[in-house]
Amino acid sequence: MSGPNEDNNTQLSSHIFGDLLDSIIVDVASECHRIAKLGLDRNLEEEEEEMRLSAQARARVADPSNSSETNTKYVVDIFGQTHPSVATEIFECMNCGRSIAAGRFAPHLEKCMGKVIPISSYHISICLYLSIMIDSYYDREFCAIP
Amino acid sequence: MKHSVNRPPTPDGAEDQGNEPTLQEIINIKLIESGEKERLMELLRERLIECGWKDEMKALCRSYVKKKGRNNVTLDDLVHLITPKGRASVPDFVKAELLQRIRSFLMSAAL
């Protein structure tokens, strides 16, 4: 009996295939869900963290009541210039090529380099880089860290 | 009057469907018992990875998670997200291979 049986077989095969496929779809979705919930997707983590810290930094800069201990906001340096308490000068990270604000550079370096830098070399790394820049920034960064 | 007397009659369908397994159920049992279902799953999984289908689905999920924020995504969301695209984007040759295997199994199981 070929006619109706074959149709039946075809229909049955498609149905079985559909079941297999649906199971695999759920597996893939589970995997992605797990990765998302556990924060295992490094790229996503980094981007989220960057965005959060940028927003924080921007808020700190914008807030007029925010002052460091030496109240750098109104201090005039030897060139007669004032600077924001969190350095806002933007330049390129030599590791990943992203544009980073100077005030956010050290935390960015921590993540960018893939390891946590202890507090003393935190100052050293940013100072080394910034010593290439205008010298007054050295003091600004050092004093401005809350 | 006793409640049992007023009880509505048992629907006809239940009596018939309750005891006899459907053709589909029989086949499913045969598939599982013979180990063929497991083999078919692994074959399909392998083919879908090879042809990039899995990567495509994962990319869809990632961009959705990025958009919604990872704490606002449920498993249900992801399943509903990738099911239509997933079903539609299986390459023909993959589907053909699997259907062929399944049909052979059905023949050999003498159905």
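Reader: At what angle do helix α4 and helix α7 of chain B pack, and how far apart are their axes?

Author: First, this is a predicted model, where local features need pLDDT of at least 70, side-chain atom pairs count only at pLDDT 80 or more, and totals for chains, interfaces and linings use all residues. Residues are numbered from 1 along each chain as its sequence is written, chains are lettered from A and ligands numbered from 1 in the order in which they are written, and side-chain values use heavy atoms, without hydrogens and water. Helix α4 (residues 36-50) and helix α7 (residues 92-108) of chain B pack at about 170 degrees, with axes 10 Å apart. Axes are lines fitted to C-alpha atoms, for helices over the stretch in contact, and angles run from 0 to 180 degrees between N-to-C directions. Helices are DSSP runs (H or I, at least four residues), numbered from the N terminus.

Reader: Why is α4(B) called roughly antiparallel to α7(B)?

Author: Angles under 35 degrees count as roughly parallel, over 145 as roughly antiparallel, 65 to 115 as roughly perpendicular and the rest as oblique. The angle here is about 170 degrees. So α4(B) is roughly antiparallel to α7(B).

Reader: Which residues of α4(B) and α7(B) meet?

Author: Among them are L40(B), L43(B) and L44(B) in α4(B), and L98(B), I102(B) and F105(B) in α7(B). Contact means heavy atoms within 4.5 Å.

Reader: What makes α3(B) and α4(B) roughly perpendicular?

Author: The axes of helix α3 (residues 23-34) of chain B and α4(B) cross at roughly 80 degrees and come within 4 Å. That angle is in the perpendicular range, so the two helices are roughly perpendicular to each other. N28(B), L31(B), I32(B) and S34(B) of α3(B) make the contact with E36(B), K37(B), R39(B) and L40(B) of α4(B).

Reader: What makes D41(A) and R62(B) a salt bridge?

Author: A salt bridge needs a side-chain nitrogen of Lys or Arg within 4 Å of a carboxyl oxygen of Asp or Glu. The N to O distance for D41(A) and R62(B) is 2.7 Å. The pair qualifies.

Reader: How do you know that R87(B) and D22(A) join two chains?

Author: Their side chains meet in a salt bridge at 3.1 Å, N to O. R87(B) lies in helix α6 (residues 75-88) of chain B and D22(A) in helix α1 of chain A, so the pair joins two chains. The count between chain A and chain B is 5 salt bridges.

Reader: How many residues of each chain are in contact, and what area is buried?

Author: In chain A, 35 residues are in contact with 39 residues of chain B. The buried area is about 3,300 Å², with 69% from carbon and sulfur atoms. Buried area is the accessible area (1.4 Å probe) that two parts lose on being put together, summed over both.
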